[in-house]
Protein chains: 2
Amino acid sequence: MTGKPRASKQRDRILEILQSNRIHAGAQWVYEQLRSEYPHLSLGNVYRNLNILVDLGKVNRLPLGSGSDVYEAVKDPHYHFICDRCGEIFDVEIPEELQAEIGRRIQETEGHLVVSRSVEYHGICRECRRRDQ
Amino acid sequence: MTGKPRASKQRDRILEILQSNRIHAGAQWVYEQLRSEYPHLSLGNVYRNLNILVDLGKVNRLPLGSGSDVYEAVKDPHYHFICDRCGEIFDVEIPEELQAEIGRRIQETEGHLVVSRSVEYHGICRECRRRDQ
DNA sequence: GTATCTGCAAAACATTTGCCCTTTG
DNA sequence: CAAAGGGCAAATGTTTTGCAGATAC
């Protein structure tokens, strides 16, 4: 937890997969992607490395509350929109000025210092809206 | 799931406890509160009833991502501030106009319809800030 | 009476951990 | 080689479920 972790082919591949193939993925899905490449790979090791990557700040864990956690490679700050119809997770940008304004109001009215935010928007995504009408 | 559930003393008490004693509580904690009253109460039944109360819209489930879920009686719309130092969960109000503005922007730029929001703010609460300095 | 609710225990998951071997530096 | 990484399987923690009996309507 203090020293720098050693190199690990498996961990490198996990990060690459999150950075390239797909934006939001569960541990099980990452595991399945790598099984052809590392037939003896264990799911436990995927979890271990995802945790390390989260500690290193290279991956975000999204505890979306629907069973298993979802992971994504760290990118520019953004938030998530989850479609309640199809379940897909979309990234959305929210102007920083609005976020800052909210943090400021919370500090003013309650005295709590906002350091980070965990935000999910739910609703119906563009594709599902189009399909419905 | 379709018809109205029958009356249940246990379920009524679970809701009362969430409405009165404490704002944010896990299933295990609710279970412990009721064990003196219903010595044969089972944790499974607490979960069952919490799920029913969530379905009825009387209770919110907060999947905070740290192990077990937390429940609260439904009140006016509000959000949560979680202190990263002491772990306490605080309710915070955020002006509706700001929330509406964010929803409007997401719809404008992405086309997704925002129906609900799941928002947590993290940081250092008033008490911990005072204690630190 | 019959459908729902309950306690109980087992099952189902997601995630973590211990052990012992392998790899890295 | 010493320390970290990995496979494997068992353990853990949370939540759900099947069943037989109790309860509500």
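Strand β4 (residues 79-83) of chain B runs parallel to strand β6 (residues 113-124) of chain B, and four bridges join the two. Strands here are DSSP runs of E with at least two residues, helices are runs of H or I with at least four residues, and both are numbered from the N terminus. Two strands pair if DSSP finds at least two bridges between them. Within this pair, Ile82(B) has His122(B) of β6(B) as its bridge partner. The model is a predicted one, in which local features need pLDDT of at least 70, side-chain atom pairs count only at pLDDT 80 or more, and totals for chains, interfaces and linings use all residues. Residues are numbered from 1 along each chain as its sequence is written, chains are lettered from A and ligands numbered from 1 in the order in which they are written, and side-chain values use heavy atoms, with hydrogens and water left out.

The pair belongs to an open sheet of six strands with mixed pairing, in the order β5(A)-β4(A)-β6(A)-β6(B)-β4(B)-β5(B). At its edges stand β5 (89-92) of chain A and β5 (89-92) of chain B; each has a single partner strand, so one side of each is left without a neighbour in the sheet. On average, and ignoring direction, neighbouring strands of this sheet are turned by 25° against each other. Helix α4 (residues 96-110) of chain A packs on the sheet, where it touches β4 (79-83) and β6 (113-124) of chain A as well as β4, β5 and β6 of chain B. The direction of α4(A) makes about 125° with that of β6(A). Helix α4 (residues 96-110) of chain B also packs on the sheet, touching β4, β5 and β6 of chain A together with β4 and β6 of chain B, and its direction makes about 125° with that of β6(B). Contact means heavy atoms within 4.5 Å; axes are lines fitted to C-alpha atoms, for helices over the stretch in contact, and angles run from 0 to 180 degrees between N-to-C directions.

Chain A is divided into domain 1 (8-73) and domain 2 (76-133), with bounds that come from an automatic or database domain assignment. Taken over C-alpha atoms, the centres of the two domains of chain A are separated by 24 Å. Seven residues from domain 1 of chain A and six residues from domain 2 of chain A take part in the contact.

Chain A also contains an open sheet of three strands, ordered β1-β3-β2, with antiparallel pairing. Here β1 (25-26) and β2 (59-62) of chain A are the edge strands, each with a single partner strand, so one side of each is left without a neighbour in the sheet. Two bridges link β1(A) in the antiparallel sense to strand β3 (residues 70-73) of chain A, and Ala25(A) has Tyr71(A) of β3(A) as its bridge partner. Helix α3(A) lies across β2 and β3 of chain A and runs at about 110° to β2(A).

A residue is near a strand if one of its heavy atoms lies within 4 Å of it. Of the 21 residues around DNA strand C, those that come nearest are Arg6(A), Tyr47(A), Arg6(B), Ser8(B) and His40(B). Sugar and phosphate make up 72% of the atoms of DNA strand C that come within 4 Å of the protein. The surface near DNA strand C takes at least two residues from each of α3 (43-55) of chain A, α1 (9-20) of chain B and α3 (43-55) of chain B; α3(A) gives the largest share, five residues. Polar contacts are pairs of N or O atoms within 3.5 Å; within protein, one must be able to donate a hydrogen and the other to accept it, and residues adjacent in sequence count only if both atoms are side-chain atoms.

The largest share of the surface near DNA strand D, five residues, comes from α3(B). Phosphate oxygens of DNA strand D lie 2.9 Å from a polar side-chain atom of Gln10(A) and 3.0 Å from a backbone N or O atom of His40(A).
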